[in-house]
Every structure is written in C-alpha cells, then in structure tokens.
Amino acid sequence: YDNIRKYFDAIQYGASKVDQLLPVSFYGAKDKYLQAFCKQVAKAKSNGDVEERKADPIPFGLYVQICRWAIKMGNIMLWVWTVLQWNLSARSVNVEPLCFHNIRVFEDTLQIKYHKNKSDPTGENTKPKYVYANPSNPTICSFLALGIFLSLNATKFSEDEHLFRWSKDKKERVAAKNYCRQLKELIHKFKDTVATFIRIGHANAHGWRKGGATHATSGTKCPPQFHLLLNMVNGRW
C-alpha cells in the first residue's frame, strides 16, 4: 500500500515542480483507488499472502541487550555504531561518513551535524543533533563507547579523520553494509532472545531509527510534540 501511495505522491510532486495543476478528477480517482487497494492489502495480510519486509522498531530493552552482546564479543565498532545510530535516530548511511569535523563539544553534550541527509541532499539546511552521556548505564553511554573506540584505533585516526571508513579509497556505503551484516549475524546468533522482542525477519538496522523515535514518544510521561519529533528524526531540528 505504501509503495502504491508513493507513486501518487511522485505525480503530485512532479506537477508542483513544473507549476501545473492536476485535474480535480485525479484526486477523486486517487482516493477511491487507494481506499479500495488498502482493503485488498488488509485482506491479503489476514490470509498471509503479503510478504512484509519493513523493519520492526527495536525497543529499548533489546537495544541495551545488543550493546551488551557486542561488548562481550569484543566488537567495539558494532557497539559504538549502534549507540550513535540509536541516539541520533539516524540511518546507517548517515552514521557511516561521520568525521571528527562533524562532531564538536557543546557544553555537556556532543553536537553532531551531518554533511547531508535524505531530506536535504545538498546539506544546506542540516541541523546539529545532540548526544548526551549516560553515567548511570555505561553499556549505552555514547561518551564511553566513543572514548574506547577512539583509544583502540588511535593510530588509524592519525591518518584519517573518518570514524568508520577505514581507508580513503573505500567506496561509499561499504562501512554501512559491513555494519548491517555484523548486526544481522549477531541477531541470528541470539535469535531466540531477539524473537521475544521483535520478529526475526523484520530485524535490521533501520529498526534503530524507528525504535529511538518510538522510545522518545513513549518512554516518558512528557514526550516531545510529534511534529518536533519528526523534525528531529528527519534532521531538521
């Protein structure tokens, strides 16, 4: 249903870019078609005829557990990447190109600003995000994870300021693919435990973005307003 809806969105976006008005009949037909199609999808789901590939939001409890597993396995890269992706509510491809110049200390936080993101491919309007320490739970403390990671790889960082791209000739998104592969392997290794939180077939790195946003709205009695949360997740706040 979402994919079909996006085709209609693309048509409307194209019309707006060339300052053309679509006929009124288009909107009526679109709504009628989507409503009927939505019913068909719901019926197909109930019959088990739809193969869903969407990521399930990774809940806070599983996030903590995955960090513990990564630490016990000695996979510090997996640990620090996971902590950053959760705290930034980011996509893997936004974490991959981070460099030292993307990060600055701001009072008691780390201020992280992307070069670009999906909603702002030119990077003209990207806003910084703030990452805090967690002294009460070192397993998910971003400051501790980064400190250990930087210390273990100090020699590498004397030559390259990229956090996760290990050489200048590496192609874009290679590090993100490696992270997703390692995360998938870890999830498969502990699949019995993971299955108590989310569906194994729907466990992937995009679940951090969904899980972090869900926790921000439901993990407190005073959640941020929803439109502000959307802006934060999309890198506009």
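Helices α4 and α6 cross in a left-handed way, where left-handed means the near helix is turned anticlockwise from the far one by less than a right angle, and right-handed means clockwise. Helices here are DSSP runs of H or I with at least four residues, strands are runs of E with at least two, and both are numbered from the N terminus. This is a predicted model, in which local features need pLDDT of at least 70, side-chain atom pairs count only at pLDDT 80 or more, and totals for chains, interfaces and linings use all residues. Residues are numbered from 1 along each chain as its sequence is written, and side-chain values use heavy atoms, with hydrogens and water left out.

**Two partners for α4**

Two packed helices are described by the angle between their axes and the distance between the axes. The axes are lines fitted to C-alpha atoms, for helices over the stretch in contact, and angles run from 0 to 180 degrees between N-to-C directions.

| Pair | Angle | Axis distance |
|---|---|---|
| α4 and α6 (residues 142-152) | roughly 145° | within 9 Å |
| α4 (residues 76-88) and α10 (residues 206-218) | about 50° | 7 Å |

On the α6 side, I76, M77, W79, V80, V83, L84 and N87 of α4 meet S142, L144, A145, L146, I148, F149 and L152 (contact means heavy atoms within 4.5 Å). That contact has 12 nonpolar residues, two polar and no charged. Nonpolar covers Ala, Val, Leu, Ile, Met, Phe, Trp, Tyr, Cys and Pro; charged covers Asp, Glu, Lys and Arg; the others, Gly among them, are polar.

Now for α10: T82, Q85 and W86 in α4 meet W208, G211, G212 and H215 there. The crossing of α4 and α10 is right-handed, and the two helices are oblique to each other (under 35 degrees is roughly parallel, over 145 roughly antiparallel, 65 to 115 roughly perpendicular, and the rest oblique).

Overall, the protein chain has 11 helices and three strands, in the order α-α-α-α-α-β-β-β-α-α-α-α-α-α. Of its 237 residues, 37% are buried, and residues 24 or more positions apart account for 61% of the contacts with a separation of 6 or more.

R199 sits in the loop between α9 (191-194) and α10. R199 counts as partly exposed because its relative accessibility is 43% (buried is under 20% relative accessible area, exposed over 50%, partly exposed in between, with a 1.4 Å probe and protein chains only). The C-alpha atoms of R199 and A55 are 8.9 Å apart, although 144 residues separate them along the chain.
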